[in-house]
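Subject: Structure handover

Hello,

Here is the structure we spoke about. Please open it beside this email and follow along.

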Amino acid sequence: MNLLFLYRYSSLVLTSIFFLLGPQSPLLFKAGVIISLGIAAWVTTNLQKKYLRNNAILKSIVLAETIGLTLLLMPTGGISSPFIWYALNPVLMAASFLTPLFCWAALSFYLGSATIIAYTLFHGADMIVILEEKSYFYLVCLLTTLLVRLFTGLTSELDIKAAVLKAKQEELLYVNKKLIETNDKYQDTLEHIMSLYHLMDNFSSEKSPQMLIKEITTSIIKCSQSDEAFFWLTDLNQQNSLIATIPNNRGIETGLKKEWNAIRGKREPFIGKVNNELYGMKVIRTSNNVGVLGIKISSSNEAEEAFHLNRTFEFLGELSEMMLERIYMDLMKDQMIVIEEQNRIANEIHDSVSQRLFGIVYSLHSLQVKSRAMTSEELNEEYQFLSQSANTTIKELRSTIYRLSSMKKGQKPYLVRLKKYLEEYSRLNDVQVDCQIIGDETLISDELKEALYRIVCETCGNAVRHGRCTAIELRLSLVDEKTVLIIRDDGIGFNLDDYTNKKEKGIGFINIKNIVSSFVGTFSIAGLNGLGTEIQIEIPNIKMLKKEEVIG
């Protein structure tokens, strides 16, 4: 279009100059013709731009201009007119944007009209003479129109191919974007799953189904990008139940109980309604509990299809069953250990202490019967014997207690266990561990000991796996007022701003913060890229807090 407009106005200027310099007609007439042509060119150009995509109107415009320019040739010299090249504009427009038949018809009309005008008005010679004299003009017009047609066909094909390529490029960009998004989701999902696997030991040592269902619900939100999820766990008779929802929605449990008869037999993930809302769900079954894991979905077919293809959701459901089963088995194992220890203690006391006590009681009973017939010396000897037996029994009982209690022997089993873990971890992972522990472990509760052990395991694991460190420094202070744990490593560190602003923090850090918060403690983390990481935890001594409350 731009090339045609350029030809139109350049040919108008050049032909107007030749027309002004020519001998034909008065100057005023020439000026009028040129001004009229300029106005007509401007109007025609605007009309062609406006109706370029409307073939019917464009044909009318081209036909009208062809007739008008043909008539212009009459007063300006016919086929010898300076405007003969400008009059080719409508033919070129037809060659560029209209059908081949209309193009060649317009060219034939134009050339035929120009020749007839020249023969009728300006030449008395034979038609053959006119055709011979202007044969170059006819040839140039034919070749020009043919070249425009070829050029138009080529550009049209190129435009079509360019449009196809652009569409394919956009499609590829869209697919590539989706692949990148999917890959990011899979990477996040894998990280969450790895964190979940790492937390299995922590859950089993914590023996807390409530914490498990909270972590699983949080992981479902992160993995599925859903806005709402829940995990409801209950016993077979629905007497005791636990539920975790994000966001908090206690009405889910009531709705699940109403729909329980309809969903309890489901074996595979399914879509159902709870409180008139659509959820993707999976029934969880263990030897001791049943429950439902669910995420909220839209009613669109695409969302439903995505849920059915979501292997991550199914995997989390199966993982929940395994972890619940493991927690239950660990509880049973601990109970069996306690029972075995109780039996061992009972047998040991029965075989030694109880027999001596029975003998003392029997002797006292016999002494009561025989005392009337015995002299004071015999009674004194009998009392001395019973006293020695009682002292021996006390010594045996004390010895048994000392054998059972490591604290009575001056040992520190918790600190020994912690140091042994760090020594083994250092050897297994080829890292240097510097451990310094001060204070008395009797100042802290068993629950806090287990929590500190879990925090140390989690932090050391992160330092090696994510921080890629070669050395770990651990400082544990057990004093009257508070417990302070500081862990440093020489790993790659991290950007604190990214950690603060990142919505999806690691599950390990979240778990540590939750543990510290449950003991009313403080948790801080610091680190720079390439300079390692430092974690500091301070937990007040519960015994001291209670003492301060009593004093207050």
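Start with a hairpin: 4 residues link strand β4 to strand β5. Strands here are DSSP runs of E, at least two residues long, and helices are runs of H or I, at least four long, both numbered from the N terminus.

Two notes on the source. This is a predicted model, where local features need pLDDT of at least 70, side-chain atom pairs count only at pLDDT 80 or more, and totals for chains, interfaces and linings use all residues. Residues are numbered from 1 along each chain as its sequence is written, and side-chain values use heavy atoms, with hydrogens and water left out.

**The sheet**

β4 and β5 (residues 290-296) pair in the antiparallel sense over 7 bridges. Two strands count as paired if DSSP finds at least two bridges between them. Arg285 sits opposite Val290 of β5.

β4 also pairs with β3 (residues 270-274), again antiparallel, over 5 bridges. There, Phe270 has Met281 of β4 as its bridge partner. This is a hairpin too, with 2 residues between the strands. Asn275 in that turn has a positive phi of about 55°.

Is β4 enclosed or open? Of its 9 residues (277-285), 7 are buried, so the rest of the structure largely encloses this strand. Buried means under 20% relative accessible area, exposed over 50%, and partly exposed in between (1.4 Å probe, protein chains only).

Angles run from 0 to 180 degrees between N-to-C directions, and axes are lines fitted to C-alpha atoms, for helices over the stretch in contact.

β1 (residues 229-234) pairs with β5 over 6 bridges, in the antiparallel sense. Leu233 has Gly291 of β5 as its bridge partner.

**The helices**

Elsewhere, the axes of α1 (residues 2-21) and α4 (residues 89-97) come within 10 Å and cross at roughly 175°.

Best wishes
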